[in-house]
Amino acid sequence: MIVAEQKSLEEIRRMIAPYERVLILGCGTCMTVCGAGGEREVSFLHSALRVAQARSGDGIHSFTEYTVKRQCDPEFLATLVDRVKEADALLSLGCGIGVQVAAEHFPDTPVLPGVNTSFMGAVSELGIWDERCAACGDCRLAETAGICPITRCTKGILNGPCAGTKNGKCEANKDIDCAWILIYRRLERLGQLDKMRRYYPPRNFRTIPRPRRIVNKVRTELGESNG
Amino acid sequence: MVSTYADSVKRASFDDSLMPPCQAACPLRMEIREYVDLIAQGRVMESLQVIRDSNPFPSICAHVCTHPCEDACRRGQVDNPVAIRALKRFAIEFGADRMIQLEADTKHSERVAIVGSGPAGLAAAYYLRKLGYPVTIFEAYSELGGMLRVGIPQYRLPREVLDIEVQRLIQMGVEIRTNTRVVSLDLLFELGYKAVFITVGAHQSLRMGIEGEESAGVVDGATFLREVNLGLKPPVGASVAVVGGGNVAIDAARTALRLDANEVKILYRRSRAEMPADPAEVKQAEEEGVEILFLVAPIKITRESGRLHVTCIRLTLGEPDASGRPRPVPIKDSEFTMDFDTLIAAIGQAPQIPGDFHLRIGKGTTVWVDPVTLLTNRAGVFAGGDAVTGPATVTQALAAGRQAAFRIDEYLHHRYPLADKQAKEALAGDLLPKTVEIIRKANRFEPPLLPPKARVKDFRPVELIYNWETAIGEARRCLRCGIGAEILFQDKCATCLTCLRVCPYHVPYLDDGGMIQIPADQCQACGICVAECPAKAIVLRKPYDRRHITEELDHVFQAAAQSRFKPLIIGFGCQYGLFGTGALASLWREAQAGIWIVPVLCVAKVEPEHMLRAFEMGAEGVFIAGCGEQCAREDTAFWVLQRVEKVKRALTQLGLEPERLQTVHLQAIDEDPATTMDKFAEQIGKLCLASALKQEGKG
């Protein structure tokens, strides 16, 4: 899941400063689950911005709030047309994807990001999130016992551990487990330690052509289906 | 004091709660959860109002109800049931029930006669009068009340209590004919009554069917109690035997002790476990010196030189009989003899219906009625109470009277009887062991009793009333069944599992289909998941609390706008317990600053938006005052601190000092709460000054 955190109120206030009517738009999927931009956070941000306005005494903004199921699908955004017409700017609490889809969908309205999209990760306990996937496009988890060295090793090396491992922790941060020690232990447990003895050639990240696209449908020429 | 129709509609439309087990067990379907909760908040007058909404004579029930609600109370699965009856008694006494005046207008011309003035008759008169019918009660004895007057001893139901309720009926315009035995129903119809309600009770004692039962010195329980209750003091001698194990037997035994008897033995043919009498009454009787001989039955009575020789036999318990209780079986050659001055037979009673009424008799000697319409075989003649059911409880009789009033109303207006409204689904299911484990244990406070020696001197009421502290403590034990959380907006739910992770009681779970379920019968309605749900998809079944906070805030700001106190300080204070009524209520008066309290039903329900809203509306300082150790729920303080930290972070980013938001546990500090508040106010004052100077410096 995509994990993000809300931007600081100072930054948000700077961003919205030129706009009078601001629609705060939450997202009901990842941003709700990671607690950065669901309906509760939309409402909290709304309240906080109103406090700021009341306290500073220069009350030029009027806020409205709404949360859609998913900002990354234009069909959900289509339901917002009337609300967006009434706004001078859209403060999106969706991830970077949501912000962009909204910007595409509402070409005449500035769309501002309310969160910093951080990584793809999982909850380790309530309120604590850890990165787990770098979306490198070339998954090696079968060889590394289901533990990703790209995201979980500080160096992202493919043939570990390096000399910086100490008591199972990383030299860069003693609170972080050494990913390669975790990989070793799990391979040992699975009886696949031979995978440790193999050499994995370095990966060439430059081969990733951005922006990437996945096409999962058969391209048909017009009229072709009629035989 | 009167809730209007609009109120009830408004209330109902926001109320998705399930009927709690206590209410489902109550013959009158009283809103027990609601009135107990109001007592827990110290709102006794409102509690009494809720009580009076569904009970015509709550002061009577408060003394003598057999409280089936307590048997159903799910708190019993945790430790002991909530002492509901004693709490009602508290609300009656402290809510000034005796000051309440009732009035009723006559809206209809059809006159209704009620034969018998027991609880069923009085309740029917009450409701018929409220519906606007002219009502006449016919009573054979000199005073109203039926069994309430002649059956129940004064130490359990003081006569003033009954008199006040009767007086209120007279105020409402009920016509009373005492010393009037109705001999013919035809005559009533000739007198112009359009409907008759027969509630003659069950006053005829059953006979033991043993040799010597007719001897002088042998009396039946109902007659004995009636004589005592009507002011006669029948001589019972020094030693008295009472036969039977029901409430009448216990009443007779304790009454005999209050006369001239100094030794009273109850002979009961089964064991303690099978005794139908209320265990609390049995305990009180034993404290007073009543001795109970179990598995003993009299088989022969002879009278010699003024004493009764009672031959008894010992019994043992055999197979269950038709009533489901084990059948007592005599043990051979176990006869023994005891001497008594008086023997009171209290083995049961049955109705005795005058033959001239020409009513169809149903089971035993009871009146047959249609179970839906309550009509007897005669047109316009209804019946209810013990006369129909056989001996039952006061509350059942009140319920029968109420039902009869509505059926009579329908009959007189040629309407089809409406089936009893079961508006709410009843909550079913026991608490799971894992839930029980986490619920804080708190033992039941019993109301104080007179010491046994003081009791037996006269007919003073035995049970005393709670004081504020114990009543509120007891009321807080209520688990508030059936108003827990529910996912109102399934489409909003992102199945993020926050509720599952924050619930202190481990109630929400993922079902096989991957949906979150919050079982209503386990939820403790603490409100934590409601506030923490990132999708705002969860509500409490009684969402009153949430609206309440916002409404109260608005109310406070309107009021504060006219106040000259500066700086304005808003406090969200737990409304439960002594804390809400005592310490906080007086704060705004005692402290020097403009402190305004927003009462909340548990601080776990205060959301960050509420705190921010206070600042938005101009509060210079905000505090959250929880009840600390008194809290009946888990993890409250933890979540309040989480939210406070979140708001403090936001305040800092907005350039406001985080010290403007504080949590206080007034219970935990030794000093006077007002002093604490003054210090807080002083601190806020300094912050205000500092920020004003800063502003000026900038400008």
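1. **Ground rules.** Residues are numbered from 1 along each chain as its sequence is written, and chains are lettered from A, ligands numbered from 1, in the order in which they are written. Because the model is predicted, local features need pLDDT of at least 70 and side-chain atom pairs count only at pLDDT 80 or more, while totals for chains, interfaces and linings use all residues.

2. **The sheet.** Chain B holds an open sheet of four strands, in the order E22-E21-E23-E24, with parallel pairing. Strands (E, at least two residues) and helices (H or I, at least four) are DSSP runs, numbered from the N terminus. Two strands pair if DSSP finds at least two bridges between them. Strand E22 (594-600) and strand E24 (661-664) of chain B stand at the edges with a single partner strand each, so one side of each lacks a neighbour in the sheet. From one strand to the next, the twist averages 20 degrees.

3. **Strand E23(B) and its partners.** E23 (residues 621-625) of chain B pairs with E24(B) in the parallel sense over four bridges. B:Val622 stands opposite B:Leu661 in E24(B), and B:Ile624 has B:Thr663 as its bridge partner there. Five bridges join E23(B) to E21(B), again running parallel. Here B:Gly573 is partnered by B:Ala625 of E23(B).

4. **Cover on E23(B).** Five of its five residues are buried (20 or more other C-beta atoms within 10 Å of a residue's own; exposed means 12 or fewer, partly exposed in between; C-beta atoms are placed from the backbone). In a regular strand the side chains alternate between the two faces of the sheet. On one side of E23(B) are B:Gly621, B:Phe623 and B:Ala625, and on the other B:Val622 and B:Ile624.

5. Helix H25 (residues 608-616) of chain B touches E21, E23 and E24 of chain B, and its direction makes about 150 degrees with that of E23(B). Helix H26 (residues 636-653) of chain B lies across E23 and E24, at about 160 degrees to E24(B). Axes are lines fitted to C-alpha atoms, for helices over the stretch in contact, and angles run from 0 to 180 degrees between N-to-C directions. Contact means C-beta atoms, placed from the backbone, within 7 Å.

6. **Chain contacts.** 19 residues of chain B are in contact with 22 residues of chain A. Helices H20 (498-502), H25 and H26 of chain B each give two or more residues to this side of chain B. H25(B) gives the largest share, six residues. The side divides into twelve nonpolar, one polar and six charged residues. Ala, Val, Leu, Ile, Met, Phe, Trp, Tyr, Cys and Pro count as nonpolar, Asp, Glu, Lys and Arg as charged, and the others, Gly among them, as polar.

7. **Cores.** The largest nonpolar core has 252 residues (buried Ala, Val, Leu, Ile, Met, Phe, Trp, Tyr and Cys joined through C-beta atoms within 7 Å). Its largest share, nine residues, comes from helix H16 (residues 394-412) of chain B. A second, separate core of eight residues includes A:Cys153 and A:Tyr184.

8. **Helix H8(B).** Eleven of its 13 residues are buried, so H8(B) is largely enclosed by the rest of the structure. Its cover includes strand E1 (111-115), helix H10 (159-171) and H16 of chain B. B:Gly132 follows H8(B), with a positive phi near 100 degrees.

Note on methods: Two residues are in contact if their C-beta atoms, placed from the backbone, lie within 7 Å.
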